[in-house]
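Try each task before reading its solution.

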Amino acid sequence: EIYDVNVFKKFPLQLCTLWSSLTNIGYVILLFSLSNYALSIGLTTQQATNTLAMFNGAQIIGRPAMGYFSEKIGRTNMTIATMIYSLILLLPYWFNITTYSEMLSFGFILGLGAGIAAVNVVPLVADVTGTGKFPAGIGFNNFWNGICSIIAEVIGLKLRDYNLKKPYLYCQIFVALTYFAGLLCLFPYREWKVKRVLHARLAGNKLEKEVRTKYDCL
């Protein structure tokens, strides 16, 4: 089933969808505006193209790596860590780029983690819905992601202001805010997931009294 109102009402699914949709807005703006941003700081067309190629090329490494480490430290933990990593790059780093070498390195290291919403949205949705209800869950998620992808670059273009010394300043702030807002959605999602794990462990019959008390407290 690809349409199930009961699945759509699940709060963790709504959190996951809000996270991926917000993050996807910022990612799409980066994808389509990064080369124009490079032009705005005085780089050549070729240099701007190279920057975008570096951003996309880095994802060949970054996306499999994010999947690998998600299985090692936990999908939600890895997603939160990667979102924080991206925010560090988007705030102090991106706002102070002035040269081609800085732009190239920024494109590469940001590309390693910027696409986290596309990588981990599937397992995070599956954790909520299970395999049986997954088509409905991922359909709900993709519906809102699709809408956000359509309007993302329109917002980015509207935020440009060539009257400023830094024409993309408002756009940069907006992208950082989308990643930050997406990050905030992950904390209640993680709380829900931890609670579910603890309840599952408490349902077991082989826990010692001390451990059971600890889980009850948590």
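**Exercise 1. Describe the overall fold.**

Step 1: Reading along the sequence gives the pattern α-α-α-α-α-α-α-α-α. That comes to nine helices and zero strands, where helices (H or I, at least four residues) and strands (E, at least two) are DSSP runs numbered from the N terminus. Residues are numbered from 1 along each chain as its sequence is written. Please keep in mind that this is a predicted model, in which local features need pLDDT of at least 70, side-chain atom pairs count only at pLDDT 80 or more, and totals for chains, interfaces and linings use all residues; side-chain values use heavy atoms, with hydrogens and water left out.

Step 2: Along the principal axes, the C-alpha atoms fill a box of roughly 65 × 35 × 30 Å.

Step 3: Of the 218 residues, 42% count as buried; buried means under 20% relative accessible area, exposed over 50%, and partly exposed in between (1.4 Å probe, protein chains only).

Step 4: Now for contacts, meaning heavy atoms within 4.5 Å. Among those with a separation of 6 or more, 77% join residues 24 or more positions apart.

**Exercise 2. Classify two aromatic pairs.**

Step 1: Start with the rule: rings of Phe, Tyr and Trp (its six-membered ring) pair if their centres lie within 6.5 Å, and planes under 30 degrees apart count as stacked, over 60 as edge-to-face and the rest as tilted. By this rule there are 10 aromatic pairs.

Step 2: Y27 and F55 are 6.1 Å apart centre to centre with 35° between the planes, a tilted pair. Y27 belongs to helix 2 (residues 11-40) and F55 to helix 3 (residues 45-73), so this pair ties together parts 28 residues apart in sequence. Y27 is buried, with a relative accessible area of 12%, and F55 is buried at 0%.

Step 3: The ring centres of Y37 and W94 lie 5.4 Å apart and the planes meet at 70°, so the pair is edge-to-face. Y37 lies in helix 2 and W94 in the loop between helix 4 and helix 5 (100-111), so the pair ties together parts 57 residues apart in sequence. Both Y37 and W94 are buried.

Step 4: Ring pairs also link Y37, Y93, W94, F106 and Y168 into a cluster.

**Exercise 3. Explore the surroundings of F55.**

Step 1: Which residues does F55 contact, leaving aside its neighbours within four places in sequence? They are Y27, L30, L31, L34, G107, L110, G111 and A114.

Step 2: Pick out G111 from that list. The C-alpha atoms of F55 and G111 are separated by 4.6 Å, although these residues are 56 apart along the chain.
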